[in-house]
Amino acid sequence: MEIRQIDYFVAVAQRKSFTKAADELYLSRQALSKAVRNLEHELGAKLLANREHHLELTEFGTDFLNDAAPVLQAYKELEQRYTVASGEAPLTYALSVAFSHGTALSLPERTVDAFRAKHPEIMLSAEEVTTEEAIGMIRSGESDISLVGSAPRYLSEFDIALVVETGVFVHVPIGDALASRDRLSLADLDGKPFITFGKRNHLHRYFMEACEAADVCPTILMTTSDVDLLVRSADEQQAFYFGFPPNVLEDEKEQRVLIAVDMGRDDAFGTYAIKRKGSVLSSSARAFWDYLGQL
């Protein structure tokens, strides 16, 4: 058993795909598959199995991954340390992160730049996508870590870490009686016209479930995933809509004010980092996960 075989197996196991792992490792799929099969032969047990067209770890494969991943990480860190010390070109480790729309704005200023400066050996690939796409990229292994605007109840299939608690804010038309309030309750919003992102958006779900529990019925005029259309329509129809906290994005328009809403719920809405439940992160992903936990 060689460290190269362990590296190949861990890449496949973390991405649940020979094709994605082969692309990252710059190998042919056939060569990668053969290397993993040879490892299974040496170990005398199957590590991976195709179940309903999905690649999954066997029970033995899960145990082996949990034992092997820390060994692989320690080896790569050792290799990195002594390669740099010898004056040779440092190794580069890949890290894929998906940001759902708006989550990057919720982080402290220059968060990603500071991480890159701290870890020049990590090549960070960052992509901004919808919340559902960010979640799907974790399921498929396309992303090591995703950041999503959500609440714990919608993320139970993942390991999660709260990065920034944003809460819920709404834009209120300046002519509405509520515009002079410092904070709003759900009851204040009963019957108020709203334009939102729709039921697939986690903030919409979070808000509507809280309203239902409080027997509050805002009037949903329209749902759209197009931000420009949403804002324009809300302004035209004097409707309420969700906004970023003022410390995240300042509102420069004079026809509305941004006000926080007391949701009456225990679970916090915010920016969460997510990863596959129980998965062992690569050294680069672990560095980013730990970095987010220190923000």
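## Burial and the basis of the model

A residue is called buried when its relative accessible area is under 20%, exposed when it is over 50%, and partly exposed in between, using a 1.4 Å probe and protein chains only. Glutamate 40 has a relative accessible area of 9% and is therefore buried.

The structure is a predicted model, in which local features need pLDDT of at least 70 and side-chain atom pairs count only at pLDDT 80 or more, while totals for chains, interfaces and linings use all residues. Residues are numbered from 1 along each chain as its sequence is written, and side-chain values use heavy atoms, with hydrogens and water left out.

Glutamate 40 belongs to helix H3; helices (H or I, at least four residues) and strands (E, at least two) are DSSP runs, numbered from the N terminus. Leaving aside residues up to four places away in sequence, glutamate 40 touches Ala45, Lys46, Leu47 and Leu48, where contact means heavy atoms within 4.5 Å. Its C-alpha atom is separated by 9.7 Å from that of phenylalanine 9, which is 31 residues apart from glutamate 40 along the chain.

In helix H2 (residues 18–25), Phe18, Ala21 and Ala22 are buried. Seen down the axis of H2, the buried residues fall within an arc of 100°, so they line one face of the helix; the arc is that of the directions from the helix axis to the C-beta atoms. The buried residues of H2 pack against H1, helix H3 (29–43), strand S1 (48–51) and strand S2 (54–57).

## Aromatic pairs

A pair of aromatic rings is described by the distance of the centres and the angle of the planes. Rings of Phe, Tyr and Trp (its six-membered ring) pair if their centres lie within 6.5 Å; planes under 30 degrees apart count as stacked, over 60 as edge-to-face and the rest as tilted. The structure holds ten such pairs. In one of them, the ring centres of phenylalanine 9 and phenylalanine 64 are 5.5 Å apart and the planes stand at 55°, so the pair is tilted. This pair links distant parts of the chain, with phenylalanine 9 in helix H1 (residues 3–15) and phenylalanine 64 in helix H4 (residues 59–85), 55 residues apart. Both phenylalanine 9 and phenylalanine 64 are buried.

Phenylalanine 115 and phenylalanine 288 form an edge-to-face pair, at 4.9 Å centre to centre and with 80° between the planes. They lie 173 residues apart, in helix H6 (residues 111–118) and helix H10 (residues 283–293) respectively. Phenylalanine 115 and phenylalanine 288 are buried as well.

## Strand S7

Strand S7 (residues 169–173) is mostly covered, as five of its five residues are buried. Phe169, His171 and Pro173 lie on one side, and Val170 and Val172 on the other.

Two strands pair if DSSP finds at least two bridges between them. S7 runs antiparallel to strand S11 (residues 241–243), joined by three bridges, and valine 170 stands opposite phenylalanine 242 in S11. S7 also pairs with strand S12 (residues 256–262) in the antiparallel sense, over five bridges; here proline 173 stands opposite arginine 256.

## Cysteines

A disulfide is a pair of cysteine sulfur atoms within 2.5 Å, and the structure holds zero disulfides. For cysteine 211, the nearest cysteine sulfur is that of cysteine 217, 8.0 Å away. Cysteine 211 is buried, with a relative accessible area of 0%, whereas cysteine 217 counts as exposed at 53%.
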